Each structure stands twice: as structure tokens, then as C-alpha cells.
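Try each task first, then follow the solution step by step.

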Amino acid sequence: MNRVSRTFSAAIGLALAAGLAVLPTTASAAPVQGYTPSAGTAYAGSATEDANNKAFYEAVMQSARAKQAANPFLLAVTVTYDASAAPTFRTQIAQSAQIWNSSVTNVQLRAGSPADFRYREGNDSRGSYASTDGHGRGYIFLDYAQNRQYNSLRVTAHETGHVLGLPDHYSGPCSELMSGGGPGTSCTNPNPNSAERTRVNSLWRNGLAG
């Protein structure tokens, strides 16, 4: 995999305001904030979180570009993922990939090897999040408790949106996938809206747009 020029240690998105005390030993850095608005207040994100979102996307893009270079005339980039470490969420991961693949044309998600990113599962008081060290070794962590509280497919599709370059927008409506937990637990929409689809297609146009 290609290496980016500087090291990122970042983790973002979708954490609970309160949760279990056990943390996974595989997590390399703490997410900056959660999927759930704290104490009923709206969470608007932060510049740090936006930067971390971008770092995760750039790490995956670097890895995917390396493979794309071998087939420069392909009109869509294939981003591969490994879900073997998240067997509980195998169905949601596959459905999330299907949702994104039917929503955008310039990038497609496929299970395969070598993986551009991985899914993991476990207990984490921070909830679910995406993380990267900036060297193409990114992963999405899916928290058990949070996926019982929120619609699990929406959680998975939201986190996968970070892989494709979308930032959090917690103040958005339920129809906006990247609003995450902002609309509350009753929101079950797992689909990106037209603006989100357009943005992803723009970012991945011919695999070259960054």
C-alpha cells in the first residue's frame, strides 16, 4: 500500500455519550466525539473531527490509487474491505456496501484482499468510529451497545461514508446519512441523500479527484 507523507493517528464519528467501560485493545486513538448528542444537546462536530474524517478518507484513497494505477483506464475505483473481524455485523456490512454501490458510480466497495480498510467489532464506551494511522491501515469499529440502541445498518453505512470522504453533519435531518445520531434513535435511514451521493462521485471521479 502507498504511504502518505505524514502519520495520522485519528479516530472519528459515532460514539455514545456514555457506555461500557471495556475498551478494545486494538484501538489506536480516541475518537474526538460521539454519534449521540450529549445530554440531549445538539453536537455540531469540530475542526479536529473534520480533519480526522479527511485523514481516514485520504489513507483509503492512497491505498486504492496504488491498485488503480495498474488499471488506469477503469472508470470506477474499487475499494476493498475485510469484514472477517466483524462477523456479528457481516450482514449490515454487506448491505451497506450494496447501498453505496447502488448510490454512486465512481467508486465501488468490494470484499477482498489486499484490503484498503477493515471492519472490527467489540465493546467500546466511545461507540462506533472510523480510525486510521495514515498509512493505509484504516478500520471501522462497530460497538455492540450502540448498534443495539441505533439502527445498525445506518451506523454501518454512516461510518462507511467516512471511508468515501464524507464528514459528519450532526445537525442534518434523518434523510441525511451523515447526520448520524443527531436525529435520534428513531431515525433508521441508511441511505445517502442526493447531495451526499454527488459529493462522493465528485471526490472519486475516475479515481483521481482528491
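## Exercise 1: A charge and a ring

Task: find what the charged end of Arg120 sits over, and place Arg120 in the fold.

Solution. Start with the ring: the charged end of Arg120 sits over that of Tyr139, 3.8 Å from the ring centre. The rule here asks for NZ of Lys or CZ of Arg within 6 Å of the ring centre and within 35 degrees of the ring normal. Helices (H or I, at least four residues) and strands (E, at least two) are DSSP runs, numbered from the N terminus. Buried means under 20% relative accessible area, exposed over 50%, and partly exposed in between, with a 1.4 Å probe and protein chains only. Finally, look across the chain: Pro87 is 33 residues away along the chain, with 8.5 Å between its C-alpha atom and that of Arg120.

A word on the model before going on: it is predicted, so local features need pLDDT of at least 70 and side-chain atom pairs count only at pLDDT 80 or more, while totals for chains, interfaces and linings use all residues. Residues are numbered from 1 along each chain as its sequence is written, and side-chain values use heavy atoms, leaving out hydrogens and water.

## Exercise 2: The overall fold

Task: describe the order of elements in the protein chain and how many residues count as buried, as a percentage.

Solution. Count first: the protein chain has 5 helices and 6 strands. Read from the N terminus, the order is β-α-β-α-β-β-β-β-α-α-α. Of its 210 residues, 53% count as buried. For contacts (heavy atoms within 4.5 Å) between residues at least 6 apart in sequence, 66% join residues at least 24 apart.

## Exercise 3: The nonpolar core

Task: which residues have the most contacts inside the largest nonpolar core?

Solution. Begin with the rule: a nonpolar core is a set of buried Ala, Val, Leu, Ile, Met, Phe, Trp, Tyr and Cys residues joined through side-chain atoms within 4.5 Å. The largest such core has 32 residues, and Val79, Trp100, Phe117, Tyr119 and Trp204 have the most contacts inside it. Now see where the core comes from: the elements giving two or more residues are α1 (47–68), β2 (77–85), α2 (90–103), β3 (107–111), β4, β6 (138–143), α4 and α5. Then zoom in on Trp100: leaving aside residues up to four places away in sequence, its contacts include Leu109, Ala157, Leu177 and Val200.

## Exercise 4: Aromatic pairs

Task: how many aromatic pairs does the whole structure hold, and how are the rings of Phe89 and Tyr144 arranged?

Solution. Rings of Phe, Tyr and Trp (its six-membered ring) pair if their centres lie within 6.5 Å; planes under 30 degrees apart are stacked, over 60 edge-to-face, and the rest tilted. A search of the whole structure gives 6 aromatic pairs. For Phe89 and Tyr144, the ring centres are 6.2 Å apart and the planes are at 20 degrees, so this pair is stacked. Phe89 lies in the loop between β2 and α2 and Tyr144 in helix α3 (residues 144–149), so the pair ties together parts 55 residues apart in sequence. Phe89 is buried at 4% relative accessibility, whereas Tyr144 is partly exposed at 25%.

Move on to Tyr129 and Phe141, a stacked pair with 5.3 Å centre to centre and 20 degrees between the planes. Tyr129 is in strand β5 (residues 129–132) and Phe141 in strand β6, 12 residues apart. Tyr129 is buried at 0% relative accessibility, and Phe141 is buried at 1%. Last, note that Tyr81, Phe117 and Tyr119 form one aromatic cluster.

## Exercise 5: The disulfide

Task: which residues does a disulfide join, and is each cysteine buried or partly exposed?

Solution. Apply the rule that a disulfide is a pair of cysteine sulfur atoms within 2.5 Å; the count is 1 disulfide. The partners are Cys174 and Cys187, with S to S at 2.1 Å. Their S-S torsion is about 90 degrees, so the disulfide is right-handed. Both Cys174 and Cys187 lie in the loop between α4 (152–163) and α5 (194–203), so the pair ties together parts 13 residues apart in sequence. Cys174 is partly exposed at 27% relative accessibility, while Cys187 is buried at 4%.
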